[in-house]
Amino acid sequence: MANTIVSEQDIQKFRAETAGTAQKIHFNNAGSSLPPDVVVDTVINYLKEEAVSGGYETEFKYKDELENTYGLIARLINAKPNEIAIVENASTAWSSAFYAIDFKAGDEVITSEMEYVTNLIAFANAEKRSGISIKVIPNDPQGNFPLTDLEKAITPQTKLIAVTQIPSTAGGMIPIVEIGKIARKHNILYLVDACQSAGQLPLDVAEIGCDMLSVTGRKYLRAPRGTGFLYVRKEIQSQLRPIFMDGYTADLLNQHEFKIRDDARRFELYENNRALVLGLGKAVEYALNIGVDKIWERIQFLANLLRQQLKAIEGITIHDFGAEQCGIVTFSVNGVDSTLVKSKLAEKNINVSVGKTASTLIYMDKNHLSSIVRASVHYYNTEEEVWVLCRELGALVK
Ligand SMILES: Cc1ncc(COP(=O)(O)O)c(C=O)c1O
């Protein structure tokens with residue numbers, strides 16, 4: 001298998017710029033990846049400055065840098081800065097968009113079996129509160145999303161198509177560009193959960209054709225915890241009604257009237273953690289400087305290597321389905337509980353995580369999976385780390 005366009009020297013440089021790589025073999029990038037040192041320093045230095053200069057005064061000093069974060073995010077996904085809202089996490093981003101839709105009884109939402117728990121809870125909630133109905137399009141037996149079934153499921157009542165591109169607990173992927181073409185053709189609102197995608201692979205909202213897209217910072221973007229963002233296409237912003245508003249998101253005209261601002265920041269509140277916003281910006285800049293296309297190539301290379309090596313270990317079952325697979329590698333060790341696998345690997349200084357049924361309920365139930373081990377690779381992982389992981393897993397099955 002050929003190595004990737006990211007050179008060995010580049011990898012060593014990225015590792016030298018990431019303190020955590022010297023301490024741990026980190027394969028929990030789908031949980032939260034190791035941030036580059038520059039991201040950590042940015043946050044700490046900003047907080048220190050706030051402590052001595054005052055919060056508002058520091059914000060004023062850094063207003064251009066803070067504003068620049070919107071521009072960097074816009075570049076990352078090929079949007080405009082006024083289409084970006086910065087929030088605390090992907091669940092807030094996704095929910096802010098979903099609950100802003102004016103659902104009426106009888107409206108239908110179409111989704112896939114890979115949808116994340118937050119989104120499934122919101123669907124169930126809207127079923128009860130607004131009388132909408134949810135249609136789930138199951139993957140075909142090979143684990144691919146059947147586009148023709150989606151077309152067939154659309155009716156005049158279909159208000160929204162909402163899908164998660166990369167699920168929390170599986171290595172497969174949902175074809176968001178092809179789904180976008182169908183959504184556009186039928187003029188249906190389209191919401192994409194790109195929580196695990198941003199920073200892992202190139203995202204272009206114009207190509208995807210989505211109206212809304214939600215992201216978290218701490219996973220493949222390598223930003224601090226407590227960061228995320230929502231993209232909302234300019235043309236549909238005024239159709240969406242934010243649930244929470246303050247004097248930043250809306251102008252109070254008199255005691256009974258208010259006017260909501262006309263950019264995506266209608267989904268923000270004024271008070272947030274400025275240090276983290278700057279840290280998010282630095283992380284996005286770091287990814288852009290490397291090139292997300294290169295990152296994606298390296299991740300696919302490492303994930304393929306890992307899957308190949310796992311296949312060679314008797315007693316390990318890989319659970320990833322579908323023609324296109326990502327950096328999340330899921331498997332079970334026969335006869336060893338996933339939680340025990342995780343803790344045994346932790347004793348060897350290796351971080352992996354355990355994916356539970358609830359995270360991707362429909363998919364996990366369908367495949368009779370109660371929990372899986374999730375080893376998620378990032379570009380800064382090395383081939384040697386993959387070998388060490390497989391060696392330790394091999395020792396566990398013996
Ligand atoms: C696919 C997917 N969507 C959404 C989320 C929620 O992200 P957050 O924890 O930032 O709200 C996760 C988190 O694991 C996820 O894996």
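This is a predicted model: local features need pLDDT of at least 70, side-chain atom pairs count only at pLDDT 80 or more; totals for chains, interfaces and linings use all residues.
Local features need pLDDT of at least 70 and side-chain atom pairs count only at pLDDT 80 or more, while totals for chains, interfaces and linings use all residues. Residues are numbered from 1 along each chain as its sequence is written, and side-chain values use heavy atoms, without hydrogens or water.

A polar side-chain atom of Asp193 lies 2.7 Å from a ligand nitrogen. The ligand alone exposes 390 Å², and the protein buries 91% of that (Shrake-Rupley method, 1.4 Å probe).

Helix H10 spans residues 274–290. Helices are DSSP runs of H or I with at least four residues, and strands are runs of E with at least two, both numbered from the N terminus. H10 has 17 residues and reaches 25 Å from its first C-alpha to its last. This is close to the expected 24 Å, which is 1.5 Å times one less than the number of residues. Of its 17 residues, 13 are buried (under 20% relative accessible area; exposed is over 50%, partly exposed in between; 1.4 Å probe, protein chains only). At the start of H10, a side-chain oxygen of Asn273 comes within 3.1 Å of the backbone nitrogen of Ala275. Gly291 follows the helix, with a positive phi near 105°.

Positive phi also occurs at Asn349, at about 75°, although this residue is not a glycine. Asn349 sits in the loop between helix H12 (338–347) and strand E13 (350–351). Asn349 is partly exposed, at 30% relative accessible area. His368 has a positive phi near 55°. His368 lies in the loop between helix H13 (361–366) and strand E15 (371–376), and is exposed at 74%.

The whole structure contains zero disulfides (pairs of cysteine sulfur atoms within 2.5 Å). For Cys326, the nearest cysteine sulfur belongs to Cys195, 12 Å away. Cys326 is buried, with a relative accessible area of 0%. For Cys390, the nearest is that of Cys326, at 17 Å. Cys390 is buried at 6%.

Notes
A polar contact is a pair of N or O atoms within 3.5 Å; within protein, one must be able to donate a hydrogen and the other to accept it, and residues adjacent in sequence count only if both atoms are side-chain atoms.
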